[in-house]
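User: I have a model open and would like to go through it with you. Could you start with the terms you will be using?

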Amino acid sequence: MFNKVLSITACAAVAVMSAMVMAQAPPAGGGGKGGPGGPGGKGGFARGPALSVTSSAFPDGGEIPMHFAGAKGGDSKSPAFEFHWMMGTMPAMAPDTLKTYAVVFHDIENSTAKGTVDTLHWSAFNIPGTATGLPEGLGAGVLADGTTNGPGIRGGAQGTYFGPGAPAGPFHHYVFEFYALDTKLDLQGTASRDDLMKAMEGHVIGKAAYVGRFHAPPQ
């Protein structure tokens with residue numbers, strides 16, 4: 001009788017241990033939900049290099065200087081940015097599938113026409129995938145390397161950057177969103193914001209954001 005009880009107890013312990021191992025095992029197919037980097041299986045990103053952006057113009061989350069502002073007294077120069085690819089904390093090579101970059105700059109605290117859509121200040125696309133960043137004061141229209149100024153406050157065939165313009169008072173938060181794409185976009189500078197976002201759909205292999213705060217000085 002004792003041996004029978006011991007046998008049943010041992011079998012139960014084995015079953016519990018097997019269940020614990022199965023619960024801790026990673027799902028088949030690789031990286032987990034929200035992993036950084038290039039395109040992966042359905043439902044997330046496979047682990048790979050992640051896009052990161054830095055700037056010497058102002059710190060991420062810091063106040064945007066008047067030199068880059070579109071408000072009265074500002075120079076409305078586009079800031080310089082540097083592109084980096086990282087594997088964890090280590091520098092990495094860009095994905096082989098990288099073809100172009102795009103940037104979308106918007107004021108997330110300004111509502112357009114009383115709707116939920118915020119204010120798009122500037123965008124640019126077809127920035128060559130070989131670029132290591134953007135220079136300060138990017139030119140208007142279509143540049144020699146194919147970089148195309150897109151929709152924004154000063155969008156159009158000769159579109160150009162337009163900087164922050166929030167009045168004196170609470171800070172507005174301005175977001176520069178950077179997209180790494182596996183294609184060159186078949187768009188003109190006269191395209192709409194919806195056109196640009198739809199054209200990028202299904203081609204994003206990396207994304208980064210850089211945030212600045214701005215309000216005009218008191219008069």
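Analyst: Buried means under 20% relative accessible area, exposed over 50%, and partly exposed in between, with a 1.4 Å probe and protein chains only. This is a predicted model, in which local features need pLDDT of at least 70, side-chain atom pairs count only at pLDDT 80 or more, and totals for chains, interfaces and linings use all residues. Residues are numbered from 1 along each chain as its sequence is written, and side-chain values use heavy atoms, with hydrogens and water left out.

User: OK, is threonine 119 buried or exposed?

Analyst: Threonine 119 counts as buried because its relative accessible area is 13%. It lies in strand β5, residues 118-128 (strands are DSSP runs of E of at least two residues, helices runs of H or I of at least four, numbered from the N terminus).

User: What does threonine 119 touch?

Analyst: Taking contact as heavy atoms within 4.5 Å, and not counting residues up to four places away in sequence, threonine 119 touches Phe105, His106, Asp107, Asn110, Thr112, Ile153 and Arg193.

User: Which strands make up the open sheet, and in what order?

Analyst: Five strands form it in the order β7-β5-β4-β8-β9, with antiparallel pairing, where two strands pair if DSSP finds at least two bridges between them. The edge strands are β7 and β9, each of which pairs on one side only. Between β4 and β5 there are eight bridges, and histidine 106 has leucine 120 in β5 as its bridge partner.

User: Switching to asparagine 149, where is that?

Analyst: Asparagine 149 is in strand β7, residues 148-149, and it counts as buried because its relative accessibility is 1%.

User: Last topic: how many residues are in the largest nonpolar core?

Analyst: It has 32 residues, and those with the most contacts inside it are Trp122, Phe176 and Phe178; a nonpolar core here is a set of buried Ala, Val, Leu, Ile, Met, Phe, Trp, Tyr and Cys residues joined through side-chain atoms within 4.5 Å. Strands β1 (50-54), β2 (81-87), β4 (100-111), β5, β8 (172-181) and β9 (204-214) each supply at least two residues of this core. Apart from it lies another core of eleven residues, including Leu181, Leu185, Ala191 and Leu196.
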